[in-house]
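Dear colleague,

I am handing over the structure below, and after it I set out what was found. Please read the notes with the structure open beside them.

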Amino acid sequence: MAETLLDIRGLNVRFSTPAGDVHAVKGIDLQVSKGETLAIVGESGSGKSQTMMAIMGLLASNGRAEGSAKFQGEEMIGLPLGKLNKIRGAKITMIFQEPMTSLDPLYKIGKQLAEPMMRHRGLSAKAARERAIELLKLVKIPDPERRVDSYPYEMSGGQRQRVMIAMALANDPELLIADEPTTALDVTIQAQILELLAELKQRIGLAIVFISHDLGIVRRFSDRVAVMRTGEVVETGTVADIFANPQHPYTQMLLAAEPTGRKEPPADNAPVLLEGRDVDVRFTMGGGFMGGKKLDIHAVDHVDIRLKEGQTIGIVGESGSGKSTLGRALLRLNHGTGAIRFGTDDISEASRQEMRRHRRQMQLVFQDPFGSLSPRMTAGQIVTEGLLVHEPQLSKKDRDLRAIKAFMEVGLDPATRNRYPHEFSGGQRQRIAIARAIILKPQVVVLDEPTSALDRSVQKQIVELLRDLQAKHGLSYLFISHDLAVVRALSDYIVVMKGGKIVEEGSTDQIFDAPRESYTRELMAAAFG
Amino acid sequence: MLRFVLRRLMSALPTIFIVVTLSFFLMRVAPGGPFNLERPLEPQVLESLKRAFLLDRPLIVQYGHYLWNLLHGDLGPSFIYRDFTVAELIAKSLPYSLTLGAWALLVAVFGGIAIGSYAALKQNSFVDYAVMSVASFGITVPNFVLAPILSFVFAVVLRWLPAGGWGDGGPANLLLPVISLALPQLAVFARITRGSMIETLRADHIRTARAYGLPTRVVVIVHAMRAALVPAVSYLGPVAAAVLTGSVVVETVYALPGVGRYFVLGALNRDYTLVMGTVVLISVFIVVFNLIVDILYAVLDPRVRYE
Amino acid sequence: MSEMTQALSEPTVAVHGTSLWAMARHRFVRNKAAMASLVVLIVVAVFSFGGTWVYPHKYDQIFSSYVAVPPSLDPYPLEDTLEQVMQTAVERARLRLDSFDADGTSYTARISSDKPVDPRATRYLDRPDEFEGAEIVSTLDDGKTVEVKGNINGQYFPFGTDRNGRDLLPRIMVGGQVSITVGLLATFVSLIIGVTYGAVSGYVGGRVDNVMMRFVEILYSLPFMFFVIMLVVFFGRHFVLIFAAIGAIEWLDMARIVRGQTLSLKRREFVEAAHAMGLSNWQIIRRHVIPNTIGPVVVFVTVLVPKVILLESFLSFLGLGVQEPMTSWGSLIAEGTTGMQAVPWLLIYPAAFFVVTLFALNFIGDGLRDALDPKDR
């Protein structure tokens with residue numbers, strides 16, 4: 001075994017909050033050897049990020065760390081700021097989850113890259129700038145001589161993350177802490193960034209602590225894995241061991257949380273329920289009454305789609321591909337053009353009033369379980385709101401009974417129906433949103449990334465719930481997602497979108513097992529390695 | 001840069017025009033006039049006065065005449081201070097207001113930003129609470145209460161400073177007026193800066209700067225301060241215009257010969273041209289300082305330049 | 001698996017949740033400064049509005065005997081001044097004062113003349129504010145000397161009187177009524193205009209929003225204080241005009257806040273969900289937009305009330321406020337300013353009430369903001 005670089009013993013992190021102390025990290029032990037990649041895996045709130053923040057002296061002002069964390073023999077916990085600043089940015093560097101905000105928006109990236117080099121190695125401004133250009137070349141930013149004078153806002157998310165990596169490598173550190181470095185990026189960009197990190201690691205031979213919730217990435221990228229749960233390390237081991245032979249039930253659960261199963265396609269002669277022909281949506285951004293530059297966005301570019309009864313179409317694509325806009329256009333929730341038929345009715349030109357009677361048949365579930373529930377209404381009120389419109393004859397008591405039924409159906413305790421959204425967890429909120437949709441007994445439900453904001457284990461439960469509801473009520477789903485694993489488990493037909501157009505479509509098996517287009521293959525490679 | 005400045009100035013002209021027009025007609029449709037004195041004038045004298053000031057002509061002619069003169073930089077004669085033109089009155093009193101205002105502005109801006117930043121860095125400490133209590137006192141107590149009370153305490157009771165008058169314009173004469181004028185604004189600047197500083201210090205890019213071993217001094221001054229100044233700068237425009245063009249209250253309480261009193265005096269005496277003159281002066285100041293604020297914005301935040 | 005269905009024997013019994021309002025109320029009640037300020041504010045309001053019913057002196061009642069007397073907890077007249085006052089009164093009746101005794105609430109005076117004293121002369125003795133109920137108790141010396149008993153009319157001026165001999169205390173009460181009323185009414189005016197304008201602009205959006213907000217921008221760049229002063233100077237110092245003018249300026253901020261709120265709400269997913277469910281525009285506004293806008297509006301109103309009170313007082317300070325003998329705190333402070341060497345209490349008391357009220361309003365505003373701030377959730 002190689003020399004130990006970072007040795008964490010009995011590390012505790014506590015945050016004092018108005019509601020009392022929160023014990024975020026509970027006396028954990030972890031070791032990182034020279035040159036190895038240790039992945040710390042866990043769901044949100046497991047304390048995986050706070051462990052590293054504590055070592056770097058970056059805890060929020062209400063947080064405090066106890067215990068020991070020795071870096072090359074030097075105790076990091078409680079190290080005076082002056083000494084700590086000799087290590088941070090020089091021997092240990094860090095990249096963060098949010099590439100859009102982690103760089104100072106007010107300074108050119110060249111200056112931001114140069115700053116730590118000038119500080120730690122005493123480079124002159126000129127030398128630092130030259131080294132910055134070199135580093136940009138190393139992280140494969142095109143045209144580095146010119147880009148060194150760019151501001152962060154002039155770069156894409158992926159490029160900014162590359163700049164962060166360049167900054168992290170500038171002083172030839174011993175240890176790089178990567179805190180969910182690809183979570184905020186699209187899958188194809190994600191793959192490129194991971195590839196870059198792996199390549200650089202090979203070349204430079206530094207140790208990496210890789211914090212992630214994504215087991216797929218961890219498996220491909222790291223040597224050892226530590227699984228964290230509610231502030232404790234439940235299991236550590238080599239990647240091979242952990243994935244092949246997980247000991248702890250939580251690890252087993254995490255590994256099993258990958259959604260499984262496939263959906264059988266509906267009968268060939270099943271009637272078409274919702275059809276869009278030549279659907280086209282454009283937006284105008286900016287520009288106002290008194291001029292200003294207008295930006296035309298062609299969000300959905302002449303798309304045809306047909307959803308049969310009992311079918312689930314998975315619409316996949318990266319951010320900006322127009323998949324959500326297409327879903328809303330089919331429900332006539334935005335201003336698109338094209339022929340849209342629901343059953344036998346042409347609803348392309350239906351007015352708001354005319355649409356109202358169709359609305360109960362076509363429902364929508366959103367990505368963000370926090371934003372899609374009105375914070376000032378009880379869960380019961382939220383779930384039964386649609387009944388006010390579509391079954392106004394119901395008495396208050398009848399509505400309450402329906403709410404109880406809907407709650408039970410989505411696996412929520414009906415006794416909680418007088419609670420407010422903020423009193424539920426993310427998964428529970430998504431169940432409320434689903435209850436709101438199905439209480440109206442719809443035929444079509446558009447699911448817009450319904451599992452993306454949830455932890456893997458919760459995700460799996462929601463997938464199961466959606467599957468059960470479909471079987472029970474004969475629902476048709478339009479399932480919009482960037483998460484290919486979930487899409488594969490739920491859909492029988494896949495539409496791949498990019499830049500507003502359909503790149504490829506076909507049955508799930510066909511798309512996943514034999515993609516024809518290079519873009520689809522790229523997506524698959526990024527998602528499944 | 002020059003084009004930007006010119007474009008901004010051009011787009012401000014309609015605003016000034018609207019202000020001038022509104023004020024002009026608002027004043028003229030109101031009952032009363034400059035020569036409705038307690039002791040009525042002889043009819044002939046009144047006639048000749050009216051003729052001299054064009055008051056016998058239709059309103060629209062007077063308006064056109066005023067605009068034409070304004071375009072040539074002529075603000076007209078004062079109706080009440082008959083030996084002076086409005087321009088002379090302003091020229092005579094503006095330097096006093098500018099001196100007083102400039103000091104007050106300096107104290108308010110630099111004092112407010114320094115205090116606000118310091119409080120933000122020591123958030124929830126005793127210093128923070130003390131500073132913010134003083135700030136909320138400054139915001140709550142308007143200068144028409146503060147000025148008389150300061151004057152009462154320091155001039156009447158303690159007799160440390162003169163109660164009023166410009167004197168030689170030295171520190172003794174200026175101290176109380178500057179404090180009265182500056183304190184409420186200083187408090188606002190301190191509050192704004194503290195708020196934006198606390199928010200900025202929590203930002204991701206500040207965490208990055210700390211993670212890369214930059215000393216606190218650099219993190220605060222180079223990275224946090226610049227972002228935190230933006231909200232304070234946007235408040236700077238209206239405050240600068242208001243403070244520099246004289247404060248009626250402070251000039252009245254401390255008996256200073258500034259330009260601030262002329263508006264109220266002019267309005268009370270129906271001195272049309274004097275009121276219009278002060279309105280134009282204020283409008284120009286507002287336009288100029290809004291422009292300066294825009295330029296400062298562009299200096300502070302490169303994203304603004306991009307547009 | 002806490003999220004899984006639990007078998008329930010009695011599913012219709014539901015636990016009660018804590019709404020955001022309840023949480024906000026809880027946070028507010030825990031805020032000591034805000035609660036104390038609320039109490040102070042209620043005391044000031046009761047003092048101002050109730051006080052004039054209870055207090056014996058009227059705000060415009062002139063006590064010519066007590067011009068600019070300093071505040072005192074003892075009743076006026078002060079005993080050592082009484083004999084002098086009686087002397088003057090007796091001389092007015094062309095009589096002589098032989099002796100005078102005062103004992104707190106009543107006096108005994110012996111008055112003589114060369115001729116028999118006319119009993120009606122007692123009326124002269126009642127003329128000063130200090131005395132009342134003069135009665136001849138005994139006649140001596142063939143009526144040339146009389147003994148008169150009467151009551152000393154004790155007047156309390158705990159805050160002193162102004163230079164017209166009016167009691168400052170009821171004037172502060174009335175001033176408080178005017179300031180608070182103007183503050184509330186003008187805020188109400190700006191609330192109505194601002195909320196309507198902002199909600200329409202934000203909800204309709206698009207070109208209408210652009211035009212409406214451009215208009216607000218133009219208004220913003222006008223020196224409004226000047227227009228208010230002009231309005232008040234030229235069209236008279238009418239109570240209604242003052243608060244209408246102030247309300248008409250202050251709606252701009254309100255409109256911007258409400259518009260911003262509405263715009264961001266419109267983009268919130270729960271509003272889109274309501275659309276998808278087929279709710280009408282009006283239902284969405286009523287059920288989703290208004291309840292979520294109330295918080296920021298309430299906070300802004302608590303900021304606005306002290307601002308309006310300040311503006312009104314500023315106008316009053318310039319002598320442009322309500323007309324005499326009505327008064328407001330601003331006018332009282334202005335009066336106090338002019339004579340603070342000789343009669344400092346005329347400045348100190350109104351200023352104290354004014355500042356305390358503004359402080360209370362500010363603390364309540366801060367407390368409400370902390371309680372309702374969505375960032376806190």
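Between chain C and chain A, 13 residue pairs are in polar contact, both residues being at pLDDT 80 or more; a polar contact is a pair of N or O atoms within 3.5 Å, where within protein one must be able to donate a hydrogen and the other to accept it, and where residues adjacent in sequence count only if both atoms are side-chain atoms. Helix 1 (20-30), helix 6 (206-220), helix 9 (269-276) and helix 10 (281-317) of chain C each give at least two residues to the side of chain C that touches chain A, and the largest share, seven residues, comes from helix 10 of chain C. Helices (H or I, at least four residues) and strands (E, at least two) are DSSP runs, numbered from the N terminus.

This is a predicted model, in which local features need pLDDT of at least 70 and side-chain atom pairs count only at pLDDT 80 or more, while totals for chains, interfaces and linings use all residues. Residues are numbered from 1 along each chain as its sequence is written, chains are lettered from A and ligands numbered from 1 in the order in which they are written, and side-chain values use heavy atoms, with hydrogens and water left out.

In total, 40 residues of chain C are in contact (heavy atoms within 4.5 Å) with 48 residues of chain A. The two chains bury about 4,000 Å² between them, 54% of it on carbon and sulfur atoms; buried area is the accessible area (1.4 Å probe) that two parts lose on being put together, summed over both. There are two salt bridges between chain C and chain A, a salt bridge being a side-chain nitrogen of Lys or Arg within 4 Å of a carboxyl oxygen of Asp or Glu. A:Arg328 and C:Glu272 meet in a salt bridge, with 2.4 Å from N to O.

Turning to chain B, 32 residues of chain A are in contact with 22 residues of chain B, and the area buried between these chains is about 2,500 Å², to which carbon and sulfur atoms give 56%. A:Leu106, A:Arg119 and A:Tyr153 supply 25% of the area that chain A buries against chain B, more than any other three residues. The rule finds one salt bridge across this interface: A:Glu98 pairs with B:Arg207, and their closest N and O atoms are 3.2 Å apart.

With regards
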